[in-house]
Amino acid sequence: QVQLVESGGGLVQAGGSLRLSCAASGRPFSSYTMGWFRQAPGKERDFVAAISWSGGSEYCADSVKGRFTISRDNAKNTVYLQMNSLKPEDTAVYYCAAVHKTLGTDYVTLSGGYNYWGQGTQVTVSS
């Protein structure tokens, strides 16, 4: 089992920045591809960004490209999502997810491609 705990959400004005963190425990963190998803009220859970187990490959949704950056620190068992130039439409609950590297990266943009999920952290962007 992998336990994931997100932090760093909050209320920010449009144009502002936040950095989300996701701390992992339970299994060797460096063996897992990590992803960030978000879900707004009444909407489906959408892919935001992902990073391979080594950090060598990154994936990003078009809607956040150029504004959000995913990174990981395997020594700290933590994955980050730096969010800049935030917009009201970025308002959502943000979830961290993990999948073991042996399952590959073909499905990293799909919520069904992950085995483990955090509880989520709320991000609210005011206009």
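Leaving aside neighbours within four places in sequence, which residues is Ser21 in contact with?

1. Ser21 is in contact with Val5, Glu6, Ser7, Trp36, Thr78, Val79 and Tyr80, its neighbours within four places in sequence left aside; contact means heavy atoms within 4.5 Å. This is a predicted model, in which local features need pLDDT of at least 70 and side-chain atom pairs count only at pLDDT 80 or more, while totals for chains, interfaces and linings use all residues. Residues are numbered from 1 along each chain as its sequence is written, and side-chain values use heavy atoms, with hydrogens and water left out.

2. Ser21 lies in strand S3 (residues 18–25); strands (E, at least two residues) are DSSP runs, numbered from the N terminus. With a relative accessible area of 17%, Ser21 is buried (under 20% relative accessible area; exposed is over 50%, partly exposed in between; 1.4 Å probe, protein chains only).

3. The structure holds five aromatic pairs (rings of Phe, Tyr and Trp, the last by its six-membered ring, with centres within 6.5 Å; planes under 30 degrees apart are stacked, over 60 edge-to-face, the rest tilted). One of them, Phe37 with Phe47, is edge-to-face at 5.7 Å centre to centre, with 70° between the planes. This pair links distant parts of the chain, with Phe37 in strand S4 (residues 32–39) and Phe47 in strand S5 (residues 45–51), ten residues apart. Phe37 and Phe47 are both buried.

4. Tyr114 and Trp117 have ring centres 6.0 Å apart and planes at 65°, so this pair is edge-to-face. Tyr114 is buried at 6% relative accessible area, whereas Trp117 is partly exposed at 27%. Ring pairs link Phe37, Phe47, Tyr114 and Trp117 into a cluster.

Notes: Helices (H or I, at least four residues) and strands (E, at least two) are DSSP runs, numbered from the N terminus.
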